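Thanks for coming. I will take a few minutes on one model and then stop.

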Amino acid sequence: MSAVNTIIIDGLALALPLLVIAIGGIFSERSGIINLALEGLLGFGAFCGALFAYSCVAFHWFAPDSLAPMYLSFIVAAAGGALFAVIHAMLCVKFRANQVISGVVINILSVAMTGFLTSQINKTVFSGPSSRFDLMTAPRLTVPVLSKIPVLGAVFTRFYPFEVLILILLVVFWFILYRTRFGIHVRAAGDNPQALDAAGIEVSRVRFVAVLISGALAGIGGMCFAYSIFSYFSGAIYLGYGYLAIAALIFGNWKIMPTFAACLLFGFAQSGASQLVLLLKVNSSVGDLAMIVPYALTLILLAFFSKHNRAPRSLGEIYDKSKR
Amino acid sequence: MPDTDVIVEMRHITKRFPGIVANDDISLQIHTGEIFAFAGENGAGKSTLMSMLFGMYQPDEGEIWVRGKRVDISSPNEAVALGISMVHQHFKLVRNYTVAENIVLGIEPVTRLLGLIPYVNMRPVNKAVRELSERYGLEVDPTSVIEDLPVSTQQRVEILKMLYREAEILIFDEPTAMLTPQEISYLLDIIRKLREDGKTIILITHKLEEIKQVADRCAILNHGKLIATMDVATSSTRDMASKMVGREVIFEIDKTPARPGPVVLEVSDLTVENEHGVDVTQDVSFQIHAGEIFAIAGVAGSGQVELADAVAGLSPVKTGAVLLEGRDITRMLVRPRTLKGVSYIPEDRQDVGLILDFLLEDNLASKSYFKAPFSQHSILHKDAFDAYADDLIRRYDIRCSSGALTLTRSMSGGNQQKAIVAREVEQDARLMIFVQPTRGLDIGAILAIRRRMIEERDKGRAILLVSLELDEILAVADTIGVMFAGRMLKVAPADQMTREEVGEYMMGVKHA
């Protein structure tokens with residue numbers, strides 16, 4: 001397989017989970033709630049999904065080689081992420097806490113809680129000393145004819161099933177944000193909540209739901225990483241991809257399609273860098289340097305382009321109904 | 001006996017806020033299809049009273065009757081259900097949405113895609129909004145985005161919003177505060193058209209001129225009490241004004257002829273560009289002498305504010321020169337300019353003129369805090385701030401609840417402006433720049449500031465006034481410069497130009 005093919009295949013496998021997390025972030029931030037908690041949400045979502053899938057195997061709920069646990073685990077991960085996001089939504093919407101602090105606290109809480117729960121559950125339920133839930137590796141699919149197209153065929157080669165799921169989610173959530181009443185209310189809440197309130201819509205309800213959506217989508221993204229990069233769940237899942245998703249959505253100007261482009265850029269930057277390291281045959285400790293490429297790229301791009309970006313006008317602003 | 005003609009009736013309404021009685025036992029009736037105005041100075045209680053009709057507050061005592069039925073309006077939504085709508089002073093518009101999207105916000109029409117998936121269909125809305133706009137002559141394109149529209153158009157979007165929701169009772173809260181003279185007469189025409197269509201209009205304003213022009217009846221409030229309800233046609237402006245202020249108002253300002261001294265400010269061929277690289281003033285030249293008020297007239301956006309900013313050092317000069325008493329200050333920073341004798345009363349008093357969350361004494365000293373006695377060896381002396389602020393509060397009659405330690409945000413607009421004027425006058429500057437100094441203030445405060453300008457002129461200062469109000473310019477100016485599209489079209493002594501002539505230059509109709 002050529003290096004270009006590998007770059008495309010690996011790039012997409014990173015870019016699409018990043019995208020689903022970023023779309024969640026867009027919903028939260030377009031509604032006016034800063035969401036730095038994406039990292040913690042994806043971790044907790046993945047924890048829930050992995051615990052479910054691991055239990056399926058341990059308790060023989062399905063046939064040994066069934067794919068059902070994997071598919072169902074994405075639903076569980078989404079539910080777990082949304083559940084954890086309730087904390088952020090409660091703090092920010094109901095108790096009017098500082099949104100940055102709430103996000104950071106949730107990230108720290110998520111790392112500590114999943115780490116503790118993983119080893120405790122392993123010890124008591126599965127009677128093993130492990131600090132991780134082992135999963136199968138997700139199967140990879142190849143479309144027969146399309147994959148034979150030169151270069152572009154790589155898009156249809158050796159992709160994970162969840163990549164298809166994310167593309168469907170992309171269309172669905174784009175439609176929700178831009179074409180439905182709820183989406184209109186989300187975007188209005190982040191620009192001028194007073195106007196939305198005056199129009200008779202409950203701003204806090206809209207924001208609450210938007211934050212839950214961000215948790216659910218982040219959970220799905222986290223589950224993708226558990227099944228692709230790791231094939232297990234452990235504290236290693238907190239790689240910083242939640243923050244990278246935030247960078248992508250800021251770089252994408254809080255719009256879904258430009259954010260998709262930003263995610264592709266980050267994905268290909270990382271897979272390109274690791275291919276370059278392989279080709280140059282440098283040793284693996286130098287190879288780890290390739291991991292910093294997307295982050296360095298983020299810094300550079302944000303420094304140059306973010307001045308043209310416009311955040312939602314009321315982002316981070318606590319909406320107080322009584323203050324008119 | 002029920003009067004079918006009465007659409008809104010307020011009976012013995014009282015509303016108290018901590019420390020004040022905002023409305024004190026107010027009873028009045030508003031008839032269907034009339035333009036009913038509420039006049040009163042800032043803080044007289046007119047906005048509070050109408051906020052209760054719109055459901056934003058609830059009265060402590062008294063009853064509100066709408067169409068002969070007693071109602072409890074506990075939220076704006078209930079007011080809207082009763083056909084009551086309000087255009088607030090600060091528009092409630094989503095800035096990155098189109099006109100039509102704002103108008104249907106909350107009541108978006110839903111169509112089913114493939115008979116299944118619900119989505120918002122803007123096409124019929126755009127059409128309906130376009131028709132409404134044409135019917136009332138509002139000239140609003142439903143597909144333009146709010147942030148690209150000027151304030152006057154945004155206001156018409158708010159009007160469309162009320163019409164789209166089929167409101168019968170339209171409340172306008174200070175609708176002309178942000179508008180230019182031309183835009184005001186356009187708005188008043190629209191309001192008349194709405195009345196012809198059978199709508200009931202409630203107009204909250206402190207500009208008696210406008211009441212005289214459009215209103216049928218007028219209620220005058222003073223310190224929360226209803227002073228009188230008058231028929232506008234049979235009352236004089238002077239009469240209304242004295243009721244509003246609570247004493248006889250002297251409109252005339254004593255002004256002796258100017259005795260100009262040497263040139264203080266010389267501006268030559270000044271070109272200023274805005275952040276988009278567009279020249280907003282082009283080769284503007286003029287001089288101001290000591291003891292002279294030079295007023296720049298022009299419609300909003302003619303470059304007059306940018307010109308004043310450039311003279312004050314707030315925005316950079318592209319080409320040309322600014323000379324203060326013969327010294328070139330074109331590239332000088334703001335502080336040395338201030339120290340050399342330029343003081344500045346900006347258009348936006350809350351964002352540029354003051355730090356609202358600072359104490360009054362800090363704002364009063366904000367141009368001199370770095371000098372003795374306020375600061376010695378880089379350490380601030382709070383006693384000096386206190387003493388200075390107490391002195392200014394007394395001499396400039398700044399009304400504030402806790403003296404020097406009042407939070408600036410809590411003060412009324414008129415008193416905030418008095419604080420800025422006090423600070424700038426105390427700079428003892430050779431050149432004083434006033435940009436829209438009386439915007440949004442009540443009659444008492446307006447007259448005080450105009451008198452202050454003349455007083456400072458008589459002390460031998462050079463004064464540059466930028467105002468959108470022609471009345472103000474004609475009242476105080478010694479020399480008038482008219483700007484149009486970034487150019488100084490005409491400079492002439494004030495007594496050699498009629499109001500009509502100035503107006504023609506402002507519209508760019510007449511050229512020198």
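I will go through the chains one at a time, then the contact between them, then the cores.

First, the ground rules. This is a predicted model, in which local features need pLDDT of at least 70, side-chain atom pairs count only at pLDDT 80 or more, and totals for chains, interfaces and linings use all residues. Residues are numbered from 1 along each chain as its sequence is written, while chains are lettered from A and ligands numbered from 1 in the order in which they are written.

Chain A, then. It has 12 helices and two strands; helices here are DSSP runs of H or I with at least four residues, strands are runs of E with at least two, and both are numbered from the N terminus. Read from the N terminus, the order is α-α-α-α-β-α-α-α-α-β-α-α-α-α. The C-alpha atoms of chain A fill a box of roughly 60 × 50 × 40 Å along the principal axes. The radius of gyration of chain A is 20 Å, which agrees with the value near 20 Å for a compact globule of 324 residues. That radius is taken over C-alpha atoms, and the globule rule is 2.2 Å times the number of residues to the power 0.38.

Of the 324 residues in chain A, 48% are buried. Buried means 20 or more other C-beta atoms within 10 Å of the residue's own, exposed means 12 or fewer, and partly exposed is in between, with C-beta atoms placed from the backbone. Among contacts in chain A between residues at least 6 apart in sequence, 78% join residues at least 24 apart. A contact is two C-beta atoms, placed from the backbone, within 7 Å.

Now chain B, with 17 helices and 24 strands. Its radius of gyration is 25 Å, close to the 24 Å from the globule rule for 512 residues, so chain B is as compact as a globular protein of that length. The box for its C-alpha atoms is roughly 70 × 50 × 50 Å, again along the principal axes. Buried residues are 44% of the 512 in chain B.

The domain assignment of chain B gives domain 1 (1-83 + 168-248), domain 2 (92-166), domain 3 (259-341 + 430-512) and domain 4 (359-428). Such bounds come from an automatic or database domain assignment. The C-alpha centres of domain 1 and domain 4 of chain B lie 36 Å apart.

One residue of chain B to look at is B:G83, in the loop between α2 (76-81) and β6 (84-87). What does B:G83 touch, leaving out residues up to four places away in sequence? The list is B:E166, B:A167, B:E168 and B:I169. B:G83 and B:E166 are 83 residues apart along the chain, with their C-alpha atoms separated by 6.8 Å. B:G83 counts as partly exposed because it has 18 C-beta neighbours inside 10 Å.

Next, the contact between the chains. It takes 16 residues from chain A and 17 residues from chain B. On the chain A side, α6 (181-191) and α7 (193-198) are the elements that give two or more residues.

Last, the cores. A nonpolar core is a set of buried Ala, Val, Leu, Ile, Met, Phe, Trp, Tyr and Cys residues joined through C-beta atoms within 7 Å. The largest has 172 residues, and A:L18 and A:A248 touch the most other members. This core draws at least three residues from each of domain 1 and domain 2 of chain B. A second, separate core of 74 residues includes B:A312, B:L354, B:I433 and B:Y505.
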